[in-house]
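Please read these notes alongside the coordinates.

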Amino acid sequence: MARIARTNLSQILLVEGKNDYHVLLSLCKHYDLPETFKIIDKEGVENVLETLEAEIAGSSNERIGVIVDADTDLKARWTEISSILARCGYLPPEAPDKNGTIIPHDRKPTIGVWLMPDNRLPGELEDFIAFLVPDKHSDSLWRHATQSLSLLPASPTRFPDQDRSKAHIHTWLAWQREPGKPLGQAITARYLDANAPDAQCLMQWLKTLFVQAPETLST
Amino acid sequence: MSDLHLDSLEITNFRCFDHLVIEKLGRVNLIVGKNGVGKTCLLEALLVYARKADPRTLQMLLAHRDEFVMGEPVNQADIDLFASLFADSLKNLFFGRILALGKTKAAIGNKKTSKIEFGLDAYSVEGDNTGRIKSLRILVPEEYELAENMQVRLTVDENSTQKLSMSLLRLDQVRKLLPKSGDIIGNIFIPTTGLENNILGDFWDNIALSDLEVEVTKALQIIDQQIEKFAFVKNPPFRYPVIKRQSDAAPMPLRSFGEGLIRILGIALTLANAKNGILLIDEFETGLHHQVQADLWKIIFRLANQLNVQVFATTHSWDCVEAFQEAAAEDRNEEAMLIRLQRKKDGSGIEAESYNERLLGMATRQGVEVR
């Protein structure tokens, strides 16, 4: 948690919720990433995008990362972000880089964008977390959760369809040795595999954005 | 909303600006930035533009920074000395403090149209026997050695057309050089130290008993609700402002109530006299508490719109930025602009970043540092 105490860092990572915040914190700790950037929970994608635009014109940051959910339409989310960047004078690519997008500028902050879960699929943080479930397809609890979800009766209080992956991961976590751990702690407790390929890819993007020397960014 | 005097700004070769472009200006502009990025220089450039490089204004700017220090010339020898010292000190107004005769020009104005350009040129001057000038021609540097009747003159061009050429030897004749209030109405620079009582007194004469006097009184009431009226009284050769408070039997000198009131009076009274002009305020926050600043900005937004004044102020203070943001958020005309001057990333000079009201609102909501 020491990461948040440092307030004068000139590199920030904007995330849209406390779950994202704690997952990122746990992953950074697992990968032993140097504390060269501050993670900020902006409580909502609208706030992330508004902050991004204001910070680009702002005076404090050299590099700015954003992690937001692709939600149901990855292309629409990307268009939303790239139009903000284009308005600020950046040249964003037509589609996001599958390894996480990094966009330099000769006189403005370097921008990094990661769309949950993997810059390709629609979805959200919980879809990314599902990639971290070890041996998912042979995991009996995961399979049982899948089955249970498919058998859920209709109910006016039931979650909406787009939150199915959220329900899935939390159902699975409810059945672990210590039931009901939040996502971040589930990484630390190793219920989830922080070394899964998708986690490695996310961490590599963070390293390139925040840890590497500036000259390697522009190439 | 009427058109702004300047909707963008381009400055070339003036003071610390090699070349600065601000793409968009608002009606009320707050200029922020670290020390030494040229906030005051920007105000100076705007004043030179607004007064069309009037030599008295140039001299005032130089004198203000102790770059030209000389009293009134009293004899011919003085006048010659004055001219050569002035020509020499003029270089301080140019980038890198280099002023090459006939070559260096400073240009200030709107990005696309309307520019004021000035510099020193060598002229060939032919006079008739009464001393009246018959013809004037700017010499190219190659002609300097051979030319007879050569004279160094200040050239001012407006939109690439010569507006003024003036012999430095005759500068003393346009002087009474420190500007009198009559000269500066419409385009006014308020330094950190404020304006003198005599100038403020003249401003008061212009608005006494008008609606604008009521507006200025309202501004004073931001600090002290007890204030009912204000006026200027004379004790020759001095004039000074007095206020009448509800609880006091007699009027009292305004300056006895502290720095804040005199700052507010200076700003409000000057704004009231800047109709259709440009108002420049150096270090807005001087002497003013945060909440007072927000209320004063609100009055400025309203009056600037009403009187068609374009306002430029500088600040160092976070309080002042917040107060500006607060007032801008309430402003219905979308006329606020926050402009940050900063050194370029590659160290090659100074650039400007602008926040319009939309972006300023976003920064305020998200707690983004804009200074």
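1. The contact between the two chains (contact meaning heavy atoms within 4.5 Å) draws 18 residues from chain A and 16 residues from chain B. This is a predicted model, in which local features need pLDDT of at least 70 and side-chain atom pairs count only at pLDDT 80 or more, while totals for chains, interfaces and linings use all residues. Residues are numbered from 1 along each chain as its sequence is written, chains are lettered from A in the order in which they are written, and side-chain values use heavy atoms, with hydrogens and water left out.

2. About 1,400 Å² is buried between chain B and chain A, with 42% of that area coming from carbon and sulfur atoms. Buried area here is the accessible area (1.4 Å probe) that two parts lose on being put together, summed over both.

3. Four salt bridges are found across the interface of chain B and chain A, the rule being a side-chain nitrogen of Lys or Arg within 4 Å of a carboxyl oxygen of Asp or Glu. One of them pairs Glu351(B) with Arg107(A), with 2.5 Å between the closest N and O atoms.

4. Which elements of chain B give two or more residues to the side that touches chain A? They are strand 16 (350-356) and helix 11 (357-366); helix 11 of chain B gives the most, with six residues. Helices (H or I, at least four residues) and strands (E, at least two) are DSSP runs, numbered from the N terminus. By class, this side of chain B has eight charged, seven nonpolar and one polar residues. Ala, Val, Leu, Ile, Met, Phe, Trp, Tyr, Cys and Pro count as nonpolar, Asp, Glu, Lys and Arg as charged, and the others, Gly among them, as polar.

5. Thr57(B) lies in helix 2 (residues 55-64) of chain B. Thr57(B) counts as buried because its relative accessibility is 2% (buried is under 20% relative accessible area, exposed over 50%, partly exposed in between; 1.4 Å probe, protein chains only). Beyond its neighbours within four places in sequence, Thr57(B) is in contact with Leu47(B) and Arg51(B).

6. There are zero disulfides over all chains, a disulfide being a pair of cysteine sulfur atoms within 2.5 Å. The sulfur of Cys28(A) is too far for a bond, because the closest cysteine sulfur, in Cys201(A), is 14 Å away. Cys28(A) is buried, at 1% relative accessible area. Cys16(B) is also in no disulfide, and the nearest cysteine sulfur, that of Cys41(B), is 3.8 Å away. Cys16(B) is partly exposed, at 27% relative accessibility.
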